[in-house]
Amino acid sequence: KTRVEEAANFLRTLCREGIPNRYTPEHLTKVQEKYPDQNPMEVVTKRLEEELEIIISKEMCDYLLIVYDFIAWAKNKGIPVGPGRGSGAGSIILYLTGITDIEPLRFNLFFERFINPERMSYPDIDVDICMDRRAEVIEYTLKKHGKEKVAQIITFGTMKAKMAIKDVGRVLSVPLAKVNEIAKLVPEDPTMTLERALELDPELRRTA
């Protein structure tokens with residue numbers, strides 16, 4: 001068997017083993033309420049097979065198993081991990097493997113928001129790990145996969161000139177009319193900076 005096939009089989013096994021733990025009679029009752037005309041266990045297995053078909057076809061099993069591994073390790077070490085958020089909460093695979101703790105069928109969450117046949121790139125899996133001990137999880141992944149294969153990423157949010165003025169005005173409790181008056185002095189240019197705007201408009205400089 002190839003590594004891809006082995007990963008797919010292992011992921012399928014994890015999910016199958018997770019069904020009796022996640023879908024107790026009480027949980028199946030909740031599924032039955034959402035799907036009154038269907039056998040609740042058949043609803044679960046059907047959803048699982050549909051998700052697996054897409055995940056396996058996109059060769060995403062390794063990706064999910066890596067996330068499963070460090071989350072399972074963190075939980076076993078008593079490190080608090082969030083229940084899951086974002087589009088990943090719509091996946092029954094993530095729920096069955098313990099990556100998330102939100103049951104997607106009960107809350108009508110859509111797997112297609114996480115991944116669908118048309119999407120080419122891998123989706124993000126939002127994970128919240130206790131700040132005090134997240135370094136332990138990072139160290140675990142570094143030791144397991146190697147420093148050359150683990151990296152941290154960050155997203156920076158930026159504001160355009162007009163929005164920056166409005167946001168600062170809000171924080172400083174400047175009257176909205178005054179804030180809008182100042183913001184209108186900034187030229188309508190998507191590349192405009194506050195520094196350039198001050199150079200171009202004498203009135204704006206006087207206001208500042």
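Mentor: Axes are lines fitted to C-alpha atoms, for helices over the stretch in contact, and angles run from 0 to 180 degrees between N-to-C directions. Helices (H or I, at least four residues) and strands (E, at least two) are DSSP runs, numbered from the N terminus. The model is predicted, so local features need pLDDT of at least 70 and side-chain atom pairs count only at pLDDT 80 or more, while totals for chains, interfaces and linings use all residues. Residues are numbered from 1 along each chain as its sequence is written, and side-chain values use heavy atoms, with hydrogens and water left out.

Trainee: How many helices and strands does the protein chain have?

Mentor: Along the sequence, the pattern reads α-α-α-α-α-α-α-α-α-α. The protein chain accordingly has 10 helices and 0 strands.

Trainee: What is the orientation of α1 and α3 to each other?

Mentor: Helix α1 (residues 3-22) and helix α3 (residues 40-57) pack at about 160°, and their axes are 11 Å apart. Angles under 35 degrees count as roughly parallel, over 145 as roughly antiparallel, 65 to 115 as roughly perpendicular and the rest as oblique. The two helices, α1 and α3, are therefore roughly antiparallel.

Trainee: Which residues of α1 make the contact with α3?

Mentor: Contact means heavy atoms within 4.5 Å. On the α3 side, the residues are Met41, Val44, Thr45, Leu48, Glu49, Leu52, Ile55 and Ile56. On the α1 side, they are Ala8, Leu11, Arg12, Cys15, Arg16 and Ile19.

Trainee: Why is α4 described as oblique to α6?

Mentor: Helix α4 (residues 61-76) and helix α6 (residues 134-145) have axes 10 Å apart and pack at an angle of about 130°. That angle makes α4 oblique to α6.

Trainee: Which residues of α6 meet α4?

Mentor: From α4, the residues involved are Ile66, Asp69, Phe70, Trp73 and Ala74. Their partners in α6 are Glu136, Val137, Tyr140, Thr141, Lys144 and His145.

Trainee: What percentage of the 208 residues in the protein chain is buried?

Mentor: The C-alpha trace spans about 70 × 50 × 35 Å along its principal axes. Of the 208 residues in the protein chain, the buried share is 37%.

Notes
Buried means under 20% relative accessible area, exposed over 50%, partly exposed in between (1.4 Å probe, protein chains only).
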